[in-house]
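This report describes one protein chain for a reader who has not seen it before. The sequence and structure come first, and the description follows.

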Amino acid sequence: MPPPELSQDSVPLWCDRCQREVHPGKGDFYVVRIEAFADPTPPNFTFEDLTRDCRTEIDNLIAELSHFSPQELMDQVYRRVTLYLCTSCYRQWIEKPVG
């Protein structure tokens, strides 16, 4: 069953790897969902960290981040990507997803 956002009447769909046209309902592609998020582990604080001037640290951080758009900042924390891969590209990718 295709994901709800796909239907057999959808606009043309292409493999995100090789650009081959794929066809919902024909079984010639895979939907790959990747979810990535920043390290969720709470930071470790030292006594020295706690004695620093937090207000200055926060102001400096805000100044650094002001050069980024809200989307760029969000992408550093959480990202979800959906890929459509034809059968051939999927077989290659699933065996070696990182290269």
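## Contacts around V32

Two residues are in contact when they have heavy atoms within 4.5 Å of each other. The model discussed here is predicted. Leaving aside residues up to four places away in sequence, V32 touches V81, T82, L83, L85, Y90 and W93.

Across the chain, contacts between residues at least 6 apart in sequence can be sorted by separation: 74% of them join residues at least 24 apart.

## Order of elements

The chain contains 4 helices and 4 strands. Read from the N terminus, their order is β-β-β-α-α-α-β-α.

## Nonpolar core

Which residues make up the largest nonpolar core? This core has 11 residues, namely L13, C15, V22, F29, V32, Y84, L85, C86, C89, Y90 and W93. At least two residues of the core come from each of β3 (29-37), β4 (78-86) and α4 (87-95). V32, a member of the core, touches the core residues L85, Y90 and W93, among others.

## Helix α2

Helix α2 covers residues 54-65, 12 residues in total. From its first C-alpha to its last, α2 reaches 16 Å, close to the 16 Å expected at 1.5 Å a residue.

At the start of α2, D53 has a side-chain oxygen that comes to within 3.3 Å of the backbone nitrogen of R55.

## Burial and surface

The chain has 99 residues, and 15% of them count as buried. Its accessible surface comes to about 8300 Å². Carbon and sulfur atoms account for 56% of that surface.

Note on methods. Residues numbered from 1 in each chain as written. Predicted model: local features only at pLDDT ≥ 70, side-chain atom pairs only at ≥ 80, totals over all residues. Heavy atoms only, no water. Buried < 20%, exposed > 50% of the residue type's maximum accessible area, 1.4 Å probe, protein only. Areas by Shrake-Rupley, 256 points an atom, 1.4 Å probe, with all protein chains shown as cover. Expected span 1.5 Å × (residues − 1). Polar contact = N/O pair within 3.5 Å; in protein donor to acceptor, adjacent residues only side chain to side chain. Core = buried A, V, L, I, M, F, W, Y, C linked by side-chain atoms within 4.5 Å.
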